[in-house]
Amino acid sequence: MNETLQAIFDRRSIRDFQQEPLSGEQIQLLARAALASPSGMNLQPWHFSFVTRKSLIGKISDAAFETFRRKGQQDIIDRMSARHEQLFYGAPLVVFITMNKDNRSEIDAGIAAENLAIAAQSLGLGSCIIGLAAAAFQGDSADELKKRLEFPRCHEMVISVAIGHPAVHPDPHDMHPEKISFIG
Ligand SMILES: Cc1cc2nc3c(=O)[nH]c(=O)nc-3n(C[C@H](O)[C@H](O)[C@H](O)COP(=O)(O)O)c2cc1C
């Protein structure tokens, strides 16, 4: 088994991280992995905000929960609260991937998110892709948060990736071979 396939097979969504921060070198490698992602017509329509400031990550998590409350999404609050007190599971790094509203490609953002997840795995780190973080940018503090995260003008968050040293080691998800057709 080569190392790339090993990283793909070993990756899990990590929902509890150790406090230990990432090194500058790890963060730089993750940033390069993000920028190396393919995109349709090579438009690279993204911006990546790499956030390590704990208080800011906590504030973004609070803002997301505030939106869930305002929208009456108690099921989401219950599900997330049962997992961890914070939407980002205590990760020391969260990457926010944004796109221009008028040129939004969820496919490009998703591919970049997976590049980050596999790169993190290859560095001995864990990750969790977190779509629910979009809720943080739908409330009263949205403009302030977008400014603090340096989102370019007219950009909105598409997906985020929490990265750090895993504090848990979950099993792989179920696989369904019947979902593949081999046409020979
Ligand atoms: C687009 C996308 C959005 C996701 N959003 C969240 C999320 O907001 N919170 C979370 O805990 N996990 C989230 N996940 C992780 C999935 O729940 C996880 O990938 C799935 O359960 C399979 O488990 P695995 O990643 O360990 O293989 C997301 C995954 C994807 C691909």
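## Overall build

With 184 residues, this protein would have a radius of gyration near 16 Å if it were a compact globule, and its value of 17 Å agrees with that. Keep in mind that you're looking at a predicted model. If you follow the C-alpha trace along its principal axes, it spans about 55 × 40 × 40 Å.

How much of the protein is buried? Buried residues make up 43% of the 184 residues. The accessible surface comes to about 10,600 Å², and carbon and sulfur atoms account for 50% of it. Now take the contacts with a separation of 6 or more: 82% of them link residues 24 or more positions apart.

## Helices and strands in order

Let's walk along the chain. The secondary structure comes to 6 helices and 4 strands.

Which way does it go here? The 4 strands form an open sheet with antiparallel pairing, in the order E1-E2-E4-E3. Strand E1 (46–51) and E3 are the edge strands, so called because each pairs on one side only. On average, neighbouring strands of this sheet are turned by 20° against each other, direction ignored.

Helix H2 (residues 24–35) lies across E1, E2 and E4. Compared with E1, helix H2 runs at about 165°.

## A look at strand E4

Strand E4 covers residues 155–164. Is it mostly covered or mostly open? It is mostly covered, with 9 of its 10 residues buried.

On one side, E4 pairs with strand E2 (residues 93–100) in the antiparallel sense, over 8 bridges. You can pick out some of the partners yourself: Val95 has Val161 in E4 as its bridge partner, and Phe96 stands opposite Ser160 in E4. As a general point, side chains in a regular strand alternate between the two faces of the sheet.

E4 also pairs with strand E3 (residues 126–130), and these two run antiparallel, joined by 5 bridges. Here Gly126 stands opposite Gly164 in E4, while the bridge partner of Cys128 is Ala162 in E4. How many of the 5 residues of E3 are buried? The count is 4, so E3 is largely enclosed by the rest of the structure, even as an edge strand.

## Two helices side by side

Helix H3 (residues 54–70) and helix H4 (residues 74–83) give you a case to look at: they pack at an angle of about 145°, with their axes 8 Å apart.

Which residues meet there? From H3 come Phe65, Phe68 and Arg69, and from H4 come Ile76, Ile77, Met80 and Ser81. Sorted by class, this contact of H3 with H4 has 5 nonpolar, 1 polar and 1 charged residues.

Technical notes:
Residues numbered from 1 in each chain as written. Predicted model: local features only at pLDDT ≥ 70, side-chain atom pairs only at ≥ 80, totals over all residues. Heavy atoms only, no water. Buried < 20%, exposed > 50% of the residue type's maximum accessible area, 1.4 Å probe, protein only. Pairing = 2+ DSSP bridges. Axes fitted to C-alpha atoms, helices over the stretch in contact; angles between N-to-C directions. Contact = heavy atoms within 4.5 Å. Nonpolar A, V, L, I, M, F, W, Y, C, P; charged D, E, K, R; others polar. Rg over C-alpha atoms; globule rule 2.2 N^0.38 Å. Areas by Shrake-Rupley, 256 points an atom, 1.4 Å probe, with all protein chains shown as cover.
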